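Here is a short briefing for a reader who is new to this structure. Please look over the sequence and the model before reading on.

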Amino acid sequence: MSDQPGYARILADKFDYTNTYYDREPRFDFTAAHPEAYGSYDFILSADVIEHIAPPVERALEEACRLLKPHGILGITVFCHPSDQLREHFPDLSQYRVVPLGDGMVLINRRADGTLEICDDLIFHGGKTVPQMEFQNVYLGSAADWAASDITFIDRAITLAMRDKRMNNVMVQYFPGTSLACDPRPSLALDETKPTQLDEPDVQATVIALYDSGQIKKTSLGSTIFNLVLPPGTILRLGASSSLHGLGGYHGSVHINRGGKRRTLYYSANVYSQMLSATKENGITVFNKPWKNVVATLYHELNEFRTDADVNDAIQTGSNDALGWTSRAGQECGDQPIFAAQSLSLVFKEVTATGSTKKIPLQFMYSNAVHGAEGPIAQPPLG
Ligand SMILES: [Zn+2]
C-alpha cells in the first residue's frame, strides 16, 4: 500500500508487485472488503498507512490477513519516535462523510455523543508567513471615547497572549524549523472625531495616512501589522458584512508607491465588541467586558497575519499562490473554530498565562494536529 517510489521500483523489479494508492489508480482501500482477492498474496507491505485510517484499525488488519496466502507475511511500518505520545488523528470518528465544499473536500463527523465535528485542516499554499513579527495598536477616535484602563488592559493582554509559550505551542506547527517572536510597538491613540462606521477602504486610507504623516515608524513594515481598534459604538464593515451582523474584525494589506518604491502596509480592524442594547450586538460579544472581546479579536487577527499575511493579494489576483495557511474552503486559522463551535464560549476562553497567575482572554486557533480548536498545550504537537 503506497510504498515510496524508491523501494517500490526495486520491489517491482524483483517480484510480481503492485504499488497501490488510496487517492489514485491503482486504487486500494484496505478498510473495504475485497473477497475476489482473498488468499492470493505472499506479502503485503503497509508503509506508514495504518496510523491514518479510520478506526477501528482491526478492520484493516483483518482484511490484510484475509488477502494473504496461508503463511503469507504482512509488513507494517508506523511513523514513531521513542519520545512520542499517542496522538490519534481521527479519534472520534463515528458517523462521518467527506463532502465537497468550495474547491475541496471536508470531513464532517457526528461523534458518538451526538456533537458535530468538521475537519477542514489548514494547508500551506506557499505564501508569506511571519514567524517574527511586530504589531502596533492604534486606537481610533479621541481620548474622550476611551477609558484609559481599556487601552492598558488591551495592550497588556494581547502582548501576553502573543508571547505565551503554551499558546504558541499550538501555532508552531505552522512554522516548521523556525521560532516565533512577537514584539509590540508602543500603542498610538489618535485624536479625531469618532468614526460612525468604517469599511475596508476607510481602514486602508487610515493606515496610509498614518504612514504619510509619519505617525508610524517606516522600518520593518513587511513584518509589522497595524491594528486599528475601533472605539465603542463604531460599526465595522467589509463589503456586505457588518459588525451589526457578526463581523468582529479582519486583517489585510494595501500596497502603496512612495518615492518610486512599493511598500506594503499590513493592518487589522477590530470592533469594540459589546451589546449596544439588550438585543443589538456590535461585533462578537462573548466575554462580559468589551476590552476582553477586543483582545480575543486581536489574537485572532494577529495569528492570521502571521500564518496568512497576503490573503488580500490572493483574493485580488485570484491566485492561491499568495496564500499562507488556509483550509481548502478558504478559512484561516482563526475562522474555523468560530464557524464550527456549538457555542462560542467553547473557543473564547480566559487562560492563565504561562508561568504567571494572570488571565488572558483569547480565542483558540485551529490546530491541524487535533483537527479543531486547541487551547494552551504544554508541548508542541508531533509531526
Ligand atoms: Zn479570520
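**The loop at His371**

His371 is found in the loop between strand E20 (365-367) and strand E21 (372-374). Its phi is near 55°, a positive value in a residue other than glycine. His371 counts as buried because 20 other C-beta atoms lie within 10 Å, and the cut-off for that class is 20 or more. The model is a predicted one.

**The chain as a whole**

- The chain holds eight helices and 21 strands.
- Its C-alpha atoms fill a box of roughly 85 × 50 × 40 Å, taken along the principal axes.
- The chain has 383 residues, and 31% of them are buried.
- Take the contacts with a separation of 6 or more: residues 24 or more positions apart account for 69% of them.

**Other backbone points**

- Asp48 also has a positive phi, near 55°, and is a residue other than glycine.
- Asp48 sits in the loop between strand E1 (41-47) and helix H2 (57-67).
- Is Asp48 buried, exposed or partly exposed? Asp48 counts as partly exposed because it has 15 C-beta neighbours inside 10 Å; that class lies between 12 or fewer, for exposed, and 20 or more, for buried.
- The peptide bond from Glu25 to Pro26 is cis, with omega near -15°.
- Pro26 is placed in the loop between helix H1 (5-14) and strand E1.

**The five-stranded sheet**

- Five strands make an open sheet in the order E8-E7-E10-E14-E13, and the pairing is mixed.
- Strand E8 (181-189) and strand E13 (249-258) are the edge strands, each pairing on one side only.
- On average, neighbouring strands of this sheet are turned by 25° against each other, direction ignored.
- E13 pairs with strand E14 (residues 261-270) in the antiparallel sense, over 10 bridges.
- Within that pairing, Ser253 has Tyr266 in E14 as its bridge partner.

**Helices on that sheet**

- Helix H3 (residues 148-163) packs on the sheet and touches strand E7 (132-139), E8 and strand E10 (224-229).
- The direction of H3 makes about 170° with that of E8.
- Helix H6 (residues 290-307) packs on the sheet as well, touching E7, E10, E13 and E14.
- The direction of H6 makes about 150° with that of E14.

**The three-stranded sheet**

- Another open sheet has three strands in the order E9-E11-E12, with mixed pairing.
- Its edge strands are strand E9 (197-198) and strand E12 (241-242), and each pairs on one side only.
- Strand E11 (residues 235-238) pairs with E12 in the antiparallel sense, over two bridges.
- Leu238 stands opposite Ser241 in E12.

**The largest nonpolar core**

- The largest nonpolar core has 57 residues.
- Which members touch the most other members? They are Ala161, Leu228, Leu230, Tyr267 and Val295.
- H6 supplies the largest share of this core, eight residues.
- Ala161 touches Met167, Val295, Tyr299, Ile360 and Leu362, leaving aside residues up to four places away in sequence.

How values were computed
Residues are numbered from 1 along each chain as its sequence is written. This is a predicted model: local features need pLDDT of at least 70, side-chain atom pairs count only at pLDDT 80 or more; totals for chains, interfaces and linings use all residues. Two strands pair if DSSP finds at least two bridges between them. Helices (H or I, at least four residues) and strands (E, at least two) are DSSP runs, numbered from the N terminus. Axes are lines fitted to C-alpha atoms, for helices over the stretch in contact, and angles run from 0 to 180 degrees between N-to-C directions. Two residues are in contact if their C-beta atoms, placed from the backbone, lie within 7 Å. A nonpolar core is a set of buried Ala, Val, Leu, Ile, Met, Phe, Trp, Tyr and Cys residues joined through C-beta atoms within 7 Å.
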